[in-house]
Amino acid sequence: MFFIGQVAFAQATKNDSVPSKPSKEQKIEEVVVLGYSKTATKASSTAASTTISAETLENRPNTTFLNSLQGAAPGLSVNSSSGSPGSGKIDILIRGVGSLNASTDPLYVIDGLSSSSSQFRNLNPNDIETLSILKDAQATSIYGNRGANGVVVITTKFGKYNSGLKVSYDALTSFSQYPKPSYNLANAKELLKIQQVYGQGGKGVGMSDDAINNYTTDTDWTKELMQVGMTQQHNLGLTYGGENLSVFTSVGYLKNGGIIKGTDFERFTFRNNINGQSKNKRFTYSAQLAAAYSKRNQLDQEANDQLGGNIAQDVLLGAVLGDPTLPKYPYRNGAEMFAAIGQNSAVYRPYVLYDNMIGGVRNLYAETSMNANLRASYKITDNLTFTNRLGIDFKEEDRTFARSPLGYLSNSVAASQGAKYGGSEILSNFKDLTINNVSNITFNKSFGDHDLTVAAYLDYYKGHYLSKSQTQNGLDPLLWSFGSGKGYIPFSAASPSFYQPSIQAAKINAGTFAVFGTVDYDYAGRYGFSGTLRRDATYRFEDENKWDTFWSVSGRWNIDKEEFMGDSKFRMLKLRGSYGTQGNQNIAVATNNRNPSYLSPLAYVDNYTNTLPIGGYQNLYGYLFSKGNPGLRWEKQSMANIGLDFNYNGIIEGTFDVYQKITDRLINGVAISAALGSGFNITGNNGKLENKGIEASLRGNIIKKQDIRLSVWANGAYNKNTVKALPKEDFTNNNVQAVGGPAYQWYLYQYAGVNQANGELLFVGKDGQITETPTVDDRVATGKSIFPKVSGGFGVDLDVKGFFFNAMFSYQSGGWIFDNMEEWLQNPAYATLGINVSKDLLNAWTPDNTNTDIPSLTANNAGLGGDSDRNLHKSDFVRLKNVAIGYNLSKDMLRNLPVRSVKVFLQAENLHTWSKWKGFDPEPITQYSLSVYPNPRVYSVGVNVEF
């Protein structure tokens with residue numbers, strides 16, 4: 001197998017039907033990797049899928065391959081919610097959001113076996129051969145209870161038979177920069193002037209204009225808190241292929257420095273893949289072993305949502321809102337800082353942030369992972385084959401979090417509680433072991449123009465989760481060492497509530513089982529039919545709801561094979577259609593990339609506990625409990641798809657798909673009596689959600705000469721999401737689920753500008769009248785959702801006599817995010833608190849400045865702006881995602897060297913973004929712009945050498 005552009009191709013075998021004297025292009029066909037390691041040529045596949053080759057992933061400065069997929073496939077939405085090194089906060093949606101409250105992550109399949117992961121920081125992208133994005137029911141129903149949100153099939157690299165020994169080395173050095181926001185921030189003098197005019201507090205109150213103009217301190221806290229990150233990446237690969245054995249082995253190292261001080265990521269990876277076969281080719285086997293270790297220092301707010309609006313502890317807020325009138329951090333550590341300023345942290349918020357980053361708060365994660373797959377296949381007869389795959393996936397993560405006893409926060413908390421020693425340390429660990437075994441027997445028979453394949457499968461999945469955590473309050477600054485267990489203050493009767501340690505533990509066993517069958521029929525390469533019937537069981541539900549059935553049917557018509565197309569230049573013109581169902585048993589959304597299989601394991605039974613806040617009177621059992629729902633069931637999804645695949649003379653090729661996806665039995669809260677439990681809701685099934693859309697991809701191979709190749713490509717997808725039914729609509733929040741509208745729709749007042757007579761904010765009332773005092777009834781469903789409706793990518797690939805140039809753009813449109821950062825910057829009251837604001841406030845309404853769009857600094861209804869669409873903005877963007885230029889040294893240059901090939905290149909990631917969004921990054925899908933670690937701009941230089 002080899003690769004051309006972004007698509008995987010396989011050379012035709014002697015059994016393929018190939019015309020005499022075929023051209024080079026006619027000898028190759030695209031290979032589609034489907035479920036459970038099934039493969040098909042593009043011409044024979046009835047599924048809607050997209051194949052992405054290794055070239056899209058290799059030599060990119062991304063920790064995970066997921067970041068490299070943005071814009072690469074139609075219908076695949078990739079949005080990174082954090083640019084922190086090693087972060088797993090990446091939203092992957094295939095054909096829209098398929099649930100309101102359950103998991104929306106696709107299923108990932110690695111070398112034929114399902115993975116429990118939703119992040120892949122420990123998988124080296126350079127080890128991946130191809131990715132297949134499975135989108136319609138025909139492609140995903142084979143995965144039954146786990147296929148509702150689409151499937152990403154990952155195939156890692158293998159050696160090739162009879163290929164000899166090859167050694168490759170890749171090196172990449174990168175430098176990362178933070179993107180700058182465009183909020184029109186006030187500098188020190190402008191902030192002092194705003195404080196002077198507002199007159200309610202701050203250093204500027206009472207200062208003369210001369211004093212303000214002569215003020216010399218002007219600190220840019222973005223520069224103080226951020227940095228240029230440096231990344232080193234090295235990969236060593238070895239492939240060998242004999243007559244009956246092939247091997248691929250790789251070792252990788254990555255060191256990634258963050259653009260925010262104190263954040264980084266380091267990874268070591270090892271992989272060994274073996275393929276083998278008997279001399280008579282009847283017995284084949286493969287074994288894959290992958291091991292990795294990584295560690296990362298990340299901000300606390302990466303996984304702690306409670307810090308999202310805390311300017312003194314959230315670096316992403318403090319970098320923008322930090323007081324520029326303060327000089328740079330002048331202390332050695334937080335203890336010295338506390339001795340100087342005491343509890344007066346409100347005036348020195350940027351100092352608290354800076355102290356946290358230089359050691360006041362530390363947050364280290366270490367992750368060890370091992371993945372082993374073993375496949376054995378025996379051809380019992382010429383038509384009957386038995387195959388078994390066994391996979392074991394193990395992950396262990398250790399977290400060490402500490403507030404240093406020398407940090408400001410520790411000293412402040414200790415002083416407020418009258419404790420001698422401050423500081424705290426959390427040591428936590430979780431282990432996740434999953435076992436997946438798939439057995440199948442396949443019958444294949446060809447007779448004349450007919451080909452029939454029938455297969456039966458057993459799929460068993462078992463998961464074991466164990467976690468434990470301990471917290472120690474009180475650390476001796478003379479003895480404490482991060483993560484060592486030293487310096488812990490023993491329990492003291494004088495401070496019994498402060499130095500008391502706490503422990504937690506959890507243990508969960510999960511499992512699913514499935515039996516299913518598939519059938520594939522082909523007639524003369526002209527017509528095809530496929531079907532799947534699957535019966536699934538899960539541990540999550542009551543016995544009567546434990547089992548469910550999922551199925552799909554599909555067909556194709558290869559129009560180019562018809563006699564009336566004999567003189568046509570179409571190499572492929574295929575019409576296909578499918579319909580089927582899938583399920584979603586992951587009834588809760590995992591946080592911090594935990595395995596969703598372990599969430600809400602007892603939602604169907606009543607839970608009695610003495611643990612607060614559910615525990616009853618005096619923490620005894622039985623007074624209050626969590627009410628279960630024995631009627632809880634899977635979410636069930638049905639999907640219809642019609643598609644067209646074409647290739648005109650090798651010059652223009654593409655796909656076009658139209659689909660409708662309906663999710664029924666949505667996981668939602670079901671109202672119950674207040675006497676039966678807290679929250680008045682239990683987890684149940686109600687409601688319906690629809691996604692329908694159009695997808696298209698197109699590639700034009702404009703020049704195809706020996707020394708010059710030029711191709712351009714583009715893909716795009718439109719998805720319309722609609723809530724079709726809910727038992728009850730809740731309009732108490734600004735972002736709601738409303739029947740007839742999109743999921744996560746904004747429900748706000750309509751902002752109408754500034755009253756030129758008095759500087760108050762104006763709004764549109766429900767009857768269209770303009771008012772300064774809107775009521776709840778004046779809010780409107782805007783029809784605007786946080787999810788973009790349009791996404792895709794486009795690019796160009798050029799090769800000229802060894803030189804190459806590749807550019808890849810990604811784009812999205814139709815999403816809306818509330819910019820709370822902008823709202824805060826427009827609030828003059830923040831200026832009185834030592835928080836920076838926008839210089840636009842200098843143009844605020846006054847009796848002498850009435851022609852302005854900035855309300856009066858003393859507007860009485862300013863608080864209503866946060867419930868209006870004044871700060872609701874589009875998250876549209878077009879991004880130059882990746883651009884590379886380089887040179888492949890010719891064989892003539894290398895003929896006297898023991899080297900097969902050398903490639904040197906320069907590249908940039910996220911080089912430029914065209915967007916009206918004012919913040920760091922428009923990419924994350926979020927309701928509010930809180931704690932968004934921006935995706936950095938990265939410049940790289942690299943070399944690939946093959947021996």
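How far apart are the end C-alpha atoms of helix α7, residues 349–360? In this predicted model, they are only 14 Å apart. The helix has 12 residues. A straight helix would reach 16 Å at 1.5 Å a residue, and α7 falls short of that.

Let's stay with α7. How many of its 12 residues are buried? The count is 10, so the helix is largely enclosed by the rest of the structure. Buried here means under 20% relative accessible area. Among the buried ones are Arg349, Pro350, Tyr351 and Val352. Asp355, Asn356 and Gly360 are buried too. What covers them? The cover includes helices α4 (221–225), α5 (315–321), α6 (334–341) and α8 (408–416). Strands β17 (361–379) and β18 (384–403) are also part of the cover.

Next, Ser87. Find it in the loop between β6 (76–80) and β7 (90–94). Is Ser87 buried or exposed? Its relative accessibility is 8%, so Ser87 counts as buried. Leave aside neighbours within four places in sequence, and Ser87 is in contact with Ser82, Arg121 and Glu302. With Glu302 there is a side-chain polar contact of 2.6 Å.

Last stop, Arg146. This residue lies in another loop, between α1 (137–140) and β11 (151–156). Arg146 has 14% relative accessibility, so Arg146 counts as buried. Which residues does Arg146 touch, not counting those up to four places away in sequence? They are Leu107, Ser114, Ser115, Ser116, Tyr461 and Gly583. Take Leu107. Along the chain, Leu107 and Arg146 are 39 residues apart.

Notes: Residues are numbered from 1 along each chain as its sequence is written. This is a predicted model: local features need pLDDT of at least 70, side-chain atom pairs count only at pLDDT 80 or more; totals for chains, interfaces and linings use all residues. Side-chain values use heavy atoms; hydrogens and water are left out. Helices (H or I, at least four residues) and strands (E, at least two) are DSSP runs, numbered from the N terminus. Buried means under 20% relative accessible area, exposed over 50%, partly exposed in between (1.4 Å probe, protein chains only). A polar contact is a pair of N or O atoms within 3.5 Å; within protein, one must be able to donate a hydrogen and the other to accept it, and residues adjacent in sequence count only if both atoms are side-chain atoms. Contact means heavy atoms within 4.5 Å. The expected span of a helix is 1.5 Å times one less than its number of residues.
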